[in-house]
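Q: I would like to learn how to read a structure of this kind. Where do we begin?

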Amino acid sequence: MFEYEMQQLRRAELIREAEAERLVRQVRKARRAARRAAKDAEGRVSPDHDRFTRAA
């Protein structure tokens with residue numbers, strides 16, 4: 001019986017850890033999206049591809 005209870009505790013711990021990792025990924029994804037939205041709202045100052053001339 002003791003082993004079963006230990007297994008249940010470990011299972012619950014793993015589920016909590018997985019949920020915490022999912023939450024971290026969601027927060028990172030949301031922050032990344034917010035940064036992209038802010039960057040797109042400002043617009044580009046100059047196009048990067050025209051900065052240098054192409055070599056022959």
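A: With a definition: a salt bridge is a side-chain nitrogen of Lys or Arg within 4 Å of a carboxyl oxygen of Asp or Glu. By that rule the count here comes to 2 salt bridges. Keep in mind that this is a predicted model.

Q: How many helices and strands does the protein have?
A: The protein has 1 helix and 0 strands. The helix, α1, covers residues 2-42.

Q: Which residues form the salt bridges, starting with Glu-13?
A: The general idea is that side chains of opposite charge can pair when their charged atoms come close. In this structure, Glu-13 pairs with Arg-10 at 3.6 Å, N to O. Both residues lie in helix α1, 3 residues apart, which is about one turn of the helix.

Q: And what is the partner of Glu-19?
A: Glu-19 forms a salt bridge with Arg-22, and their closest N and O atoms are 2.6 Å apart. Because Glu-19 and Arg-22 are 3 residues apart in helix α1, about one helical turn separates them.

Q: How is exposure read from relative accessible area?
A: By two cut-offs: under 20% is buried, over 50% is exposed, and anything in between is partly exposed. Of the 56 residues of the protein, 0% count as buried.

Q: Are Glu-13 and Arg-10 buried, partly exposed or exposed?
A: Glu-13 has 33% relative accessibility, so Glu-13 counts as partly exposed. Arg-10, with a relative accessible area of 41%, is partly exposed.

Q: Where do Glu-19 and Arg-22 fall, buried, partly exposed or exposed?
A: Glu-19 is partly exposed because its relative accessible area is 45%. Arg-22 is at 38% relative accessibility and therefore counts as partly exposed.

Q: What does the accessible surface of the protein come to?
A: The total is about 6,100 Å², with 54% of it belonging to carbon and sulfur atoms.

Q: Which residues make the nonpolar surface patch?
A: Phe-2, Met-6 and Leu-9 make this patch, which is about 350 Å². One of these residues, Leu-9, is found in helix α1. Leu-9 counts as exposed because its relative accessibility is 56%, and the cut-off for exposed is over 50%.

Q: Which residues form the positive surface patch?
A: Lys and Arg count as positive. Here the patch is formed by Arg-28, Lys-29, Arg-31, Arg-32, Arg-35, Arg-36 and Lys-39.

Q: Is Lys-39 buried or exposed?
A: Lys-39, found in helix α1, has a relative accessible area of 62%, so Lys-39 is exposed.

Notes: Residues numbered from 1 in each chain as written. Predicted model: local features only at pLDDT ≥ 70, side-chain atom pairs only at ≥ 80, totals over all residues. Heavy atoms only, no water. Helix = DSSP H or I, 4+ residues; strand = E, 2+ residues; numbered from the N terminus. Buried < 20%, exposed > 50% of the residue type's maximum accessible area, 1.4 Å probe, protein only. Areas by Shrake-Rupley, 256 points an atom, 1.4 Å probe, with all protein chains shown as cover. Patch = residues over 30% accessible without salt bridge, like charges linked within 9 Å, V, L, I, M, F, W, Y side chains within 5 Å. Charge placed at Lys NZ, Arg CZ, Asp CG, Glu CD.
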